[in-house]
Amino acid sequence: MVKIALTFILMVLSFGVSFAFENVNSLIPKGHQPGNGYVNDILPYYFETNLSWDNSKELVLHYSHKKKGEPYPDKQIISMFKKSNGADLKIWEICFDNYEEIDFLIDDINKDGKKEMIVHGLHSGTGACGNLWLYQLGEKVPRKIFGKSVEGEGYILGANGQKSNLDHDFFPDLDKDGIVEILVGYRGESNHASSVDSPFWFDVYKWNGKSYFLADDQFPGFYKEELSGYKQLVKEKGETELLREYIKRAKNFAGI
Ligand SMILES: [Ca+2]
Ligand SMILES: [Ca+2]
């Protein structure tokens with residue numbers, strides 16, 4: 001308990017005198033406070049940010065709502081507050097149900113001068129199934145501009161907001177235009193192997209000024225590399241129906 005309190009004090013101190021939100025725990029709604037059979041063992045995490053629409057800072061808060069004895073939270077909430085005439089005003093909140101882990105960061109992902117929030121929700125289990133969402137942040141409710149089921153851990157590295165990074169394996173700038181592409185990975189079904197052992201297929205999503213759109217056919221170089229990876233797998237593990245299918249698709253997008 002002492003350790004928790006100390007961590008909290010250190011977090012507050014680290015923001016220095018500019019910290020505008022004095023009592024962050026009071027921003028968590030009563031129904032989500034620990035007690036009544038609920039625990040809060042994912043500590044509330046928060047940081048201040050400055051979105052482009054005005055000069056005052058906003059506070060982003062992430063907290064969980066977990067029943068005692070359950071392995072994972074039933075809800076994780078990300079919310080944003082601002083100061084309005086001295087009061088703490090909630091601008092929005094987004095609730096994520098039944099994820100083991102929620103990682104997110106706020107940054108200008110698509111380099112249009114405005115900040116987005118990217119969120120990876122990871123389910124438990126060896127399949128590392130989850131979801132990836134991209135929200136355009138504005139003065140009101142965030143607008144979802146991308147949402148896909150994904151497989152693979154670590155889309156966003158390191159828990160907790162501003163200290164996180166995008167994993168370059170999933171967000172490479174393949175065409176070197178300064179804006180990252182999003183690789184959405186999934187593993188197909190195979191009769192002879194569990195899906196955990198199946199090779200990944202990656203779809204490439206590219207920003208077009210309005211949204212991230214499926215652009216596999218615009219990245220022949222990427223699929224040439226994927227193709228040689230699949231061929232290597234055939235050498236190592238033998239040909240499977242799934243690999244045959246992936247090789248066919250990769251050849252198509254590689255223009256071979
Ligand atoms: Ca942006
Ligand atoms: Ca790019």
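Good morning, colleagues. Please bear in mind that the model is predicted. The protein has 256 residues, and 25% of these are buried. Its secondary structure consists of three helices and 14 strands. Among contacts with a separation of 6 or more, 41% are between residues 24 or more positions apart.

I turn now to the strands. Strand β4 covers residues 75-84 and strand β5 covers residues 87-97. The two run antiparallel and are joined by ten bridges. Together β4 and β5 form a hairpin, with two residues between them. Serine 84 is placed opposite alanine 87 of β5. In the turn, asparagine 85 has a positive phi of about 50 degrees.

The second topic is the helix pair. In general, two packed helices are described by the angle between their axes and the distance between the axes. Here, helix α2, residues 220-237, packs against helix α3, residues 241-254, at an angle of about 155 degrees. Their axes are 8 Å apart. How are α2 and α3 oriented, roughly parallel or roughly antiparallel? Because angles over 145 degrees count as roughly antiparallel, α2 is roughly antiparallel to α3. The crossing of the two helices is left-handed.

Which residues make this contact? From α2, they include Pro220, Tyr223, Leu227, Tyr230 and Val234. From α3, they include Leu243, Tyr246, Ile247, Ala250 and Phe253. Charged residues also take part, among them Lys224 and Glu226 of α2 and Lys251 of α3. By class, the contact of α2 with α3 comprises twelve nonpolar residues, four charged residues and no polar ones.

Thank you for your attention.

Definitions and conventions
Residues are numbered from 1 along each chain as its sequence is written. Chains are lettered from A and ligands numbered from 1 in the order in which they are written. This is a predicted model: local features need pLDDT of at least 70, side-chain atom pairs count only at pLDDT 80 or more; totals for chains, interfaces and linings use all residues. Two strands pair if DSSP finds at least two bridges between them. Helices (H or I, at least four residues) and strands (E, at least two) are DSSP runs, numbered from the N terminus. A residue is buried if 20 or more other C-beta atoms lie within 10 Å of its own, exposed if 12 or fewer, and partly exposed in between; C-beta atoms are placed from the backbone. Two residues are in contact if their C-beta atoms, placed from the backbone, lie within 7 Å. Axes are lines fitted to C-alpha atoms, for helices over the stretch in contact, and angles run from 0 to 180 degrees between N-to-C directions. Angles under 35 degrees count as roughly parallel, over 145 as roughly antiparallel, 65 to 115 as roughly perpendicular and the rest as oblique. A crossing is left-handed if the near helix is turned anticlockwise from the far one by less than a right angle, and right-handed if clockwise.
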